[in-house]
Amino acid sequence: MWDIRDSAIFEGPEGAKRLSLDVHASHEALYRTIGKMISVCVVLGGVGPHFFSERLFAAVCGKPAPPLNLEEVSHTTLKAHLENIKKAEDLSEVKNKLEESVDWLSLLGLKRIVVKTMEDRDGVVELVAQQFVQGSMQVALEQFKYGLNSLGLLEASGNHPDSF
């Protein structure tokens, strides 16, 4: 289980690992394989995966996701753009920071962003972070959950999240 925790498909701090974005791992169905390995380990009474982040745990157990934290954005350049937008002190500065980030925003499918208030600024930062964290990881998460369900672990974890 510790080798799985330390594998390239997980990232983040100790005790709060999330799935990492790896196109090769997705193409090779590595997320599914790792999910199966965890399932076998848990079902046979081995060590459980006590290293999932709160968001990954919620996704696996079918629970509502916790509020997004900007630290969950693992791409350093995108995170820096979002931090700069969030630090902007007036609408003019927000619009300038958004313009500087237009390439990143368009890659995430966010081409037409309208900001009329400072509250809109915070909503944009959350929307972009959410699109990156949840949207880009959807295929990996589905593969991982498919692997976890190979011995019924996914269903059991949804019914008994505290045991998982």
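Mentor: Confidence in this predicted model is highest in helix α3 (residues 30–43), with a mean of 95, and lowest in helix α10 (residues 153–159), where the mean is 84. Over the protein chain the mean pLDDT is 90, and 99% of the residues reach 70 or more.

The domain assignment divides the chain into two parts. Domain 1 consists of residues 4–67 together with 137–163, while domain 2 covers residues 70–133. Taken over C-alpha atoms, the centres of domain 1 and domain 2 lie 29 Å apart.

We may now turn to the interface itself. Five residues of domain 1 are in contact with five residues of domain 2. The size of an interface is often expressed as the accessible area that is lost when the parts come together. Here domain 1 and domain 2 bury about 440 Å² between them, and 41% of that area is on carbon and sulfur atoms. On the side of domain 1, Arg-18, Arg-55 and Met-137 supply 73% of the area buried against domain 2, more than any other three residues.

Arg-55 also takes part in a salt bridge, its partner being Glu-72; the closest N and O atoms of this pair are 2.6 Å apart. One salt bridge is found across the interface of domain 1 and domain 2. Of the residues on the side of domain 1 that touches domain 2, three are charged, two are nonpolar and none is polar. Two residue pairs are in polar contact across the interface of the two domains, both at pLDDT 80 or more.

Terms used
Residues numbered from 1 in each chain as written. Predicted model: local features only at pLDDT ≥ 70, side-chain atom pairs only at ≥ 80, totals over all residues. Heavy atoms only, no water. Domains from an automatic or database assignment. Contact = heavy atoms within 4.5 Å. Buried area = accessible area lost by both parts, 1.4 Å probe. Salt bridge = Lys/Arg side-chain N within 4 Å of Asp/Glu carboxyl O. Polar contact = N/O pair within 3.5 Å; in protein donor to acceptor, adjacent residues only side chain to side chain. Nonpolar A, V, L, I, M, F, W, Y, C, P; charged D, E, K, R; others polar. pLDDT = per-residue confidence, 0-100. Helix = DSSP H or I, 4+ residues; strand = E, 2+ residues; numbered from the N terminus.
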